[in-house]
2 protein chains.
Amino acid sequence: MAARGLPTIRLTAVQHSDLICLATGVFSPLTGFVGRADYESILDAMRLADGTVFSIPVTLAVSSDDAKAVRGASTIALAEPGGAVVATMDVTEQFSYVKQREAAAIYRTTESAHPGVARLYGQGDVLLAGPITLIDRPTGEPFADFRRDPIETRRQFAERGWRRVVGFQTRNPVHRAHEYIQKAALEICDGLLLNPLVGETKDDDISAATRMASYQVLLEHYYPKGRVLLSVYPAAMRYAGPREAVFHAIARKNYGCTHFIVGRDHAGVGSYYGTYDAQKIFDEFQPGELGITPLFFEHTFFCRTCGSMASEKTCPHDPASRVTLSGTQVRTMLRSGQVPPPEFSRPEVAAVLIEGMRA
Amino acid sequence: MAARGLPTIRLTAVQHSDLICLATGVFSPLTGFVGRADYESILDAMRLADGTVFSIPVTLAVSSDDAKAVRGASTIALAEPGGAVVATMDVTEQFSYVKQREAAAIYRTTESAHPGVARLYGQGDVLLAGPITLIDRPTGEPFADFRRDPIETRRQFAERGWRRVVGFQTRNPVHRAHEYIQKAALEICDGLLLNPLVGETKDDDISAATRMASYQVLLEHYYPKGRVLLSVYPAAMRYAGPREAVFHAIARKNYGCTHFIVGRDHAGVGSYYGTYDAQKIFDEFQPGELGITPLFFEHTFFCRTCGSMASEKTCPHDPASRVTLSGTQVRTMLRSGQVPPPEFSRPEVAAVLIEGMRA
């Protein structure tokens with residue numbers, strides 16, 4: 001094969017997922033790991049060097065030793081974490097960078113307690129840039145039936161006649177609050193792309209398999225079949241809050257979505273970002289420039305006086321009327337086998353989660 | 001006053017409401033009754049002669065005798081239906097027109113059974129065009145506290161910090177189906193302009209006063225005060241379906257709305273228009289061209305299995321799970337003093353309607 005004998009870089013799991021996203025158009029218009037001009041421009045202006053909005057630099061960081069080892073090679077091979085070569089890369093640049101500067105620009109903090117910053121600080125000191133060519137796709141991945149490239153989701157949206165499609169990013173189970181938000185958006189769209197991240201995430205003790213099972217039982221019982229597509233989002237979480245909300249929106253545009261749901265503290269972690277920062281950041285673009293319409297939602301809850309789900313925007317009633325549980329409370333209930341109230345979780349979903357946490 | 005001694009045209013009630021809308025910017029960018037170039041262009045291309053989208057020709061039709069009587073006058077006076085002069089008009093043109101052609105272009109039918117077409121056929125044979133200058137506003141109108149010109153609604157939106165404002169047109173009581181649609185839209189906006197038409201309409205036996213009282217009781221009990229503005233829409237109904245949906249959207253843009261709700265058979269009457277014609281017509285414009293985003297909704301209902309309001313788009317359940325009543329059924333119930341189920345109407349609203357229909 002073309003990659004035989006080439007100097008090889010072994011990718012981390014995150015780099016491998018970036019490679020797949022680059023190769024399949026999830027990170028379009030990028031076609032490879034970014035070079036210095038785009039890197040600088042993304043950090044400084046949230047745009048590629050040509051002015052196109054792009055909010056997160058997708059980089060290939062390697063150690064100085066690895067950089068030295070491939071210096072001078074115009075083409076290198078990229079191996080997945082297990083060691084098998086899966087792609088080639090035409091190296092256009094090697095360049096150094098300042099991690100603290102990237103942290104401040106992208107994560108809005110230089111604290112290593114931030115998981116995205118910690119990963120950045122832990123990576124190599126040299127960035128390799130250049131277009132990639134995928135040779136081998138991963139096989140035998142979990143949830144294979146729910147893995148679709150952008151070209152495939154776009155084809156399915158077209159086949160279904162969906163002209164307005166709203167994307168929903170999640171890394172958690174879907175309780176009624178998120179069902180309500182999805183359905184409010186679906187009322188003004190033709191279809192919903194439920195697009196969970198199923199790689200390991202730091203913020204939940206519910207396995208990806210259990211979450212996927214919970215999505216399926218929810219869709220089966222409470223959503224019209226013809227209105228939802230459940231598809232896995234293969235990118236890694238950055239926890240970059242506002243910058244990642246824009247990144248998520250761009251990825252969903254690439255999947256063919258016209259609208260994207262941005263909730264409170266989207267892609268946030270800890271208290272690094274203000275509640276609405278991931279919504280406010282979209283003000284920095286001209287209308288139409290992003291190519292996808294963000295839909296901003298508030299925290300929602302069931303209100304007994306309204307007799308429905310609502311938010312502070314749509315419900316004037318006393319907090320005592322409202323069924324609210326913290327994430328910790330729900331996890332504690334589920335872990336002890338207790339079914340949350342039906343105003344909080346669909347019983348079918350709760351049963352799957354309880355079963356999954358027991359296993 | 002400036003109008004003394006001028007030849008005078010006495011307006012019909014509809015023409016008078018058009019005059020007020022022209023003078024206060026509801027029909028902006030029009031500043032007077034349209035001339036032939038705009039008239040032809042609206043009929044043929046749904047645009048003014050300069051290319052700006054405009055869907056209904058706002059004309060001043062007079063009899064041939066009246067046209068003759070004012071011929072040669074560069075300025076005329078306009079009197080309200082009671083006879084008092086309320087405006088002047090710089091007459092730029094008198095022109096003839098073909099009613100059947102206007103009917104076909106605007107109403108998509110030439111049948112005189114259509115109430116908009118009937119009004120067109122009944123009006124004068126000559127159109128007077130030219131900019132108008134308002135001298136006197138109507139005083140002592142009902143619902144004075146709820147009459148606000150576009151400049152005033154825009155000021156209030158700005159004061160409240162509403163950047164995304166959704167307009168809702170209605171000529172009926174707001175039952176839970178419409179509350180749900182309004183609130184789904186409000187979830188992605190900052191505020192709601194509830195903008196009922198309170199002139200006499202042909203399709204309800206509930207008085208405007210009763211409807212206004214029902215809106216107030218609904219807002220008081222079920223909407224956060226800071227999120228809704230109740231304001232009267234002073235224009236006359238045309239029942240022009242698709243063309244009027246666009247017209248309604250333009251008027252709401254003028255009030256400062258960024259979004260406008262378009263339901264099934266918006267501004268329709270009888271079976272002249274297809275269920276979705278008033279939504280499909282918006283496809284004829286480029287994104288951004290209209291300056292307001294239409295939000296398209298389906299028929300909605302309470303579903304007992306969902307435990308919430310929903311539509312065919314968001315509920316997969318059997319029709320037997322759904323609480324639905326026809327308009328006729330509801331009116332019959334209310335007229336006989338029967339309260340519709342709480343899944344259909346808020347009890348406070350039903351009480352006002354029953355009381356109003358009894359009076």
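Reader: Which residue of chain A forms a salt bridge with Arg163(B)?
Author: In this predicted model, local features need pLDDT of at least 70 and side-chain atom pairs count only at pLDDT 80 or more, while totals for chains, interfaces and linings use all residues, and side-chain values use heavy atoms, with hydrogens and water left out. Residues are numbered from 1 along each chain as its sequence is written, with chains lettered from A and ligands numbered from 1 in the order in which they are written. A salt bridge is a side-chain nitrogen of Lys or Arg within 4 Å of a carboxyl oxygen of Asp or Glu, and the rule finds 2 of them across the interface of chain B and chain A. With closest N and O atoms 3.0 Å apart, the partner of Arg163(B) is Asp283(A).

Reader: Which helix of chain B gives the most residues to the side that touches chain A?
Author: Helices (H or I, at least four residues) and strands (E, at least two) are DSSP runs numbered from the N terminus. Those of chain B that give two or more residues to this side are helix 7 (176–187), helix 8 (208–222), strand 12 and strand 14 (308–311). The largest contribution, 6 residues, comes from helix 7.

Reader: How much area do chain B and chain A bury between them?
Author: Buried area is the accessible area (1.4 Å probe) that two parts lose on being put together, summed over both. The contact, meaning heavy atoms within 4.5 Å, takes 34 residues from chain B and 33 residues from chain A. Of the area buried, 51% is on carbon and sulfur atoms, and the total is about 2,700 Å².

Reader: What is the volume of the largest pocket?
Author: On a 1 Å grid over the protein atoms alone, a pocket is an open set of points where a 1.4 Å probe fits, with protein on both sides within 12 Å along at least five of seven lines, and lining residues have an atom within 4 Å of a point. The lining here has 39 residues, with Pro287(A), Gly288(A), Thr293(A), His259(B) and Thr293(B) nearest the centre. Taken as the space filled by probe spheres set on the points, which are joined across faces, edges and corners, the volume is about 1,500 Å³.

Reader: Which residue has its backbone oxygen 2.9 Å from a polar side-chain atom of Arg47(B)?
Author: Arg47(B) is found in the loop between helix 2 (36–45) and strand 3 (60–62) of chain B. Among the residues it touches are Asp38(B), Glu284(B) and Glu289(B). The backbone oxygen at 2.9 Å belongs to Gly51(B).

Terms used. Polar contact = N/O pair within 3.5 Å; in protein donor to acceptor, adjacent residues only side chain to side chain. Lists of a residue's contacts leave out its neighbours within four places in sequence.
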